[in-house]
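Dear colleague,

Please find below the structure that I promised to hand over.

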Protein chains: 2
Amino acid sequence: MIRAIFFDIDDTLYDSTRLTTMARLNSIRAMIDAGLDYDEKFLYERLYEIIKKFGPNYPRHYNELLKSLGLKEDPKLIASGVVAYEHTKFAYLKPFPRVVPTLLKLKDRYKLGVISNGIAIKQWEKLINLGLHHYFDVVITSEEVGYEKPSKEIFLEALKSLNVKPEESIMVGDNPSTDILGAKSVGMITIRIRKGKRAKIEPKNELEKADFDVENFDEIPKIIDIIEKRHKNTI
Amino acid sequence: MIRAIFFDIDDTLYDSTRLTTMARLNSIRAMIDAGLDYDEKFLYERLYEIIKKFGPNYPRHYNELLKSLGLKEDPKLIASGVVAYEHTKFAYLKPFPRVVPTLLKLKDRYKLGVISNGIAIKQWEKLINLGLHHYFDVVITSEEVGYEKPSKEIFLEALKSLNVKPEESIMVGDNPSTDILGAKSVGMITIRIRKGKRAKIEPKNELEKADFDVENFDEIPKIIDIIEKRHKNTI
């Protein structure tokens, strides 16, 4: 019997790939509008390299962008990038279609949780902006556990927090090499949602191959019905 | 002849007092909604004390709020406060009525500047959110100058940046003890706009008393006409 369903956040509950793409593009455009006289595509790629180098949570990407162009720290340019990013972020922080009705349906029958790599407050900010912070019985972040997906520890911590066994639990995520591999390695059932930048990436090995693949969120309840029936037939 | 007009930002170009009041209230309400089981008024006052103690730019007000209540750092509660504050901030970061048409009118005839106490990027973020970042020939912040209003240095720096004399320049601001006192002390003409939390505070001495008081932004061009006529009559 299935008792708990765990979800990844980015590219699973909302379109994180589109958000970051559009937010970076809009921030570049705002900086050009504020006087940064460079080609849009050139700046976008330069910013991409800087974010890759310093990590997504580094707070001074735009300062580094100007520095890499040999320019001084112009607060008008930096603020233009920051404000455009923030506004785009809020505009795109919406759940994927059918996430809310599907979670409402699942919530009646199962415990729901989140297992997410990242900083606790930042991941909670996303859930709150998505309007999903009241749906989950537990939210497990790598910052709090001290281990990131695909480490077994973060999945085991999540199972423990809801007092469920791996075989009673489903992990839903977009990333074969973190969500799927990690959940399978502790014995959870896995559903891969083919969304975002990894939608078309094929699993590199058997452990990265999910038990089920879906393209849309509202296919999940039907998959769970199939899983439940198999369970019964096995008994 | 008047050649330049300088403006304060907070409670001059937009309703900073209302923004902070509403953003703090909404952050408290969001934290209560997220599970913080205390009285709204009690929490609001506690938060007010914390912001007074740590300053408005301290990034961990909500962490301190929980700490002061003897609670652990719950990322859900903290993120709820942060997100509600941000959304309210964006909703209220709108210019006072008639600011935009008045600036458009003045921009044809005068150089326009901002003289603001605060962190350069933060003050620019406000101007950008207000949609006013293209209106000013120069933006002078205390962070960049190293002196805060009412110090003479920040006003002299502003005058120098536009290459104008004090008697050719007008300072528009809400705060008698910073905007008015400082601008008068270097010989600028002063217009006090009676907005925000200081609207009803009377000047403590002659230097805090502006040359002109207005209640609304669109009275400014008429006041400047009066000033220009006086100038002519003096010559």
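Does A:Glu168 count as buried or exposed? At 15% relative accessibility, A:Glu168 counts as buried, where buried means under 20% relative accessible area, exposed over 50% and partly exposed in between, with a 1.4 Å probe and protein chains only.

Before going further, a word on conventions. This is a predicted model, in which local features need pLDDT of at least 70 and side-chain atom pairs count only at pLDDT 80 or more, while totals for chains, interfaces and linings use all residues. Residues are numbered from 1 along each chain as its sequence is written, chains are lettered from A and ligands numbered from 1 in the order in which they are written, and side-chain values use heavy atoms, with hydrogens and water left out.

Chain A as a whole

Chain A has 10 helices and 6 strands, these being DSSP runs numbered from the N terminus, with helices taken as H or I of at least four residues and strands as E of at least two. Along the principal axes, the C-alpha atoms of chain A fill a box of roughly 70 × 30 × 30 Å. Of its 235 residues, 51% count as buried, and the accessible surface of chain A comes to about 11,300 Å², of which 52% belongs to carbon and sulfur atoms; such areas come from the Shrake-Rupley method with a 1.4 Å probe, and for residues only the protein chains shown count as cover. Taking contact to mean heavy atoms within 4.5 Å, 61% of the contacts in chain A between residues at least 6 apart in sequence join residues at least 24 apart.

The contact between the chains

The contact takes 22 residues from chain A and 22 residues from chain B. Chain A and chain B bury about 1,900 Å² between them, 72% of it on carbon and sulfur atoms, buried area being the accessible area (1.4 Å probe) that two parts lose on being put together, summed over both. Between the two chains there are 0 salt bridges, a salt bridge being a side-chain nitrogen of Lys or Arg within 4 Å of a carboxyl oxygen of Asp or Glu. The count of residue pairs in polar contact between chain A and chain B is 5, both residues being at pLDDT 80 or more; a polar contact is a pair of N or O atoms within 3.5 Å, where within protein one must be able to donate a hydrogen and the other to accept it, and residues adjacent in sequence count only if both atoms are side-chain atoms. On the side of chain A that touches chain B, α4 (75-92) and α6 (120-129) each supply at least two residues, and the largest share, 10 residues, comes from α4(A). By class, that side of chain A has 11 nonpolar, 6 polar and 5 charged residues, with Ala, Val, Leu, Ile, Met, Phe, Trp, Tyr, Cys and Pro counted as nonpolar, Asp, Glu, Lys and Arg as charged, and the others, Gly among them, as polar.

Salt bridges

Over all chains, a search of the whole structure finds 32 salt bridges. In one of them, the side chains of A:Arg3 and A:Glu168 meet at 3.3 Å, N to O. A:Arg3 lies in the segment before β1 (4-7) of chain A and A:Glu168 in the loop between α8 (152-161) and β4 (169-173), so the pair ties together parts that are 165 residues apart in sequence. A:Arg3, at 29% relative accessibility, counts as partly exposed.

A:Glu45 forms a salt bridge with A:Lys41, with the closest N and O atoms 3.2 Å apart, and both lie in helix α2 (residues 40-54) of chain A, 4 residues apart, about one turn of the helix. A:Glu45 is partly exposed at 42%, whereas A:Lys41 is exposed at 59%.

A:Lys204 forms a salt bridge with A:Glu208 at 3.3 Å between the closest N and O atoms; here A:Lys204 is exposed, with a relative accessible area of 66%, and A:Glu208 is buried at 5%. A:Asp8, A:Lys149 and A:Asp179 are linked in a network of salt bridges.

A:Asp211

A:Asp211 is found in the loop between β5 (189-193) and β6 (212-214) of chain A, and is partly exposed, with a relative accessible area of 41%. Not counting residues up to four places away in sequence, A:Asp211 touches A:Lys184, A:Met188, A:Ile189 and A:Thr190, and its side chain reaches the backbone nitrogen of A:Thr190 at 2.8 Å.

With best regards
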